[in-house]
Amino acid sequence: MAVYKIFPYQDTTLYSMFPKMNTGIDPINQISNLNFAIDTQPSVARSLIQFDTDEINDVIENIIGDPINYQTRLRSYIATAQGIVESSILEVWPIAVATNEEINWNQGTGTYLDQPLTTDGACWESPFFANSNQWPIQVADAAGRVPSGSYNTAYATIGGGAWYTGSGGNDFNVTASFGPRSDKDLNIIVDDIIHAWTSSELPNHGFLLKWEGNAEFNTSKLVQPVMQYYSVDTNTIYPPELEFRWDDFSWITSSDIPVLDQQNIYISLAENPGIFYSESINRFRLNVREKYPKREYVTGSLYTKQHYLPSASAWYAVKDLDTNEFVVDFDTNYTKISADTTSSYFDLYMNGFEPERYYQVLIKVDAGGSTTIYNDEYYFKVING
């Protein structure tokens, strides 16, 4: 019933055509295979994205409080896409950097095709900077793990990153498939990789994103998939995210409050001051009543009588009010509405919302044999703290 998001602290793209070029502060992360008409030489681009280990551990230990029962998704938002003419498979792997696992890759300060090229960070030929040590492809690390890699010496120098394909019996083959009409945003479950990092089975050097082997260094003009995603340095509201989802549904109710399992109901949002700092965690309570209560002689107003929404049959979602896009979508497992002795409620973590923007809460209820979505101006704003 809970969703929590963190953002990368570094990312970059490796380009085979410019093996020494660093793009560490470019607003775009690119994954592509391009054939240029001038020489029909395929050029490959792969992206690196890294999230802070301490931040990941803090979420699992102090926010979720459970080292096992949660789901993690790598999310990245599309800027432009082209050449996806058939089913294209994108691969995500845990990065390997050096035989000494304490050493990390260097983001650098370059952007695409700086003049002169910036070479002070990770590039196709090295995780550190141009003319430095190569990526440790097929070179065992201190724990005896042998990273993989792929390149085609007919079209590129040795490099393009190194990655672990498995460890401790786990297979890190994480893929996403894209078609001509499919959603091009990346939203992929990476649980096995995260568990390997948090258990110290692997060092956390981030994710490497690439096309599957047959799509890279392909000389056919029909195979030129290009995906450009917004990077952490974007000036938009779409940086990459690592999203944690877990089920903290609770149903501890009062016998004095009945469950309202019917269609004609009215829901208002309580405990909503309207403005939150980005570090806030807020418990939204729901005032639920019959829309058309039956007439009866009572000593109080029927319009103030509290009810519960049906157990495990109500969910929340959050939309960006300007773009009308879901920031948190309905999820039957992870956005269930709970209840305690006071009312139905849900908790919302504001850290994953872009600040200085307005948002709308939506409530979905399965009751009385139908599904209804309620969006009666449940608005709030997140601001910088």
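What volume does the second largest cavity have? It comes to about 30 Å³. Keep in mind that this is a predicted model, and that the count is two cavities of 30 Å³ or more.

Staying with the second largest cavity, its lining is made up of Gln262, Gln263, Ile265, Val365, Ala367, Ser370, Thr372 and Tyr374. Two elements give two or more residues to that lining, namely strand E23 (357-367) and strand E24 (370-374). Of these, E24 gives the most, with three residues. By class, the lining of this second largest cavity splits into four nonpolar and four polar residues, with no charged ones.

Now for the largest cavity, which holds about 60 Å³ of space. Its lining draws on Val3, Tyr4 and Lys5, then Tyr316 and Val328, and finally Asp347, Leu348, Tyr349, Gly352 and Phe353. Here the elements giving two or more residues are strand E1 (2-6) and strand E22 (344-349). Charge does turn up in this lining: two residues are charged, next to seven nonpolar and one polar.

Here are the linings by class:

| Cavity | Nonpolar | Polar | Charged |
|---|---|---|---|
| Largest cavity | seven residues | one residue | two residues |

For the second largest cavity, go to E23 and E24.

Methods. Residues numbered from 1 in each chain as written. Predicted model: local features only at pLDDT ≥ 70, side-chain atom pairs only at ≥ 80, totals over all residues. Heavy atoms only, no water. 1 Å grid on protein atoms, 1.4 Å probe; cavity = no way out; pocket = protein on both sides within 12 Å on 5 of 7 lines; lining within 4 Å. Points joined across faces, edges and corners; volume = space filled by probe spheres on them. Helix = DSSP H or I, 4+ residues; strand = E, 2+ residues; numbered from the N terminus. Nonpolar A, V, L, I, M, F, W, Y, C, P; charged D, E, K, R; others polar.
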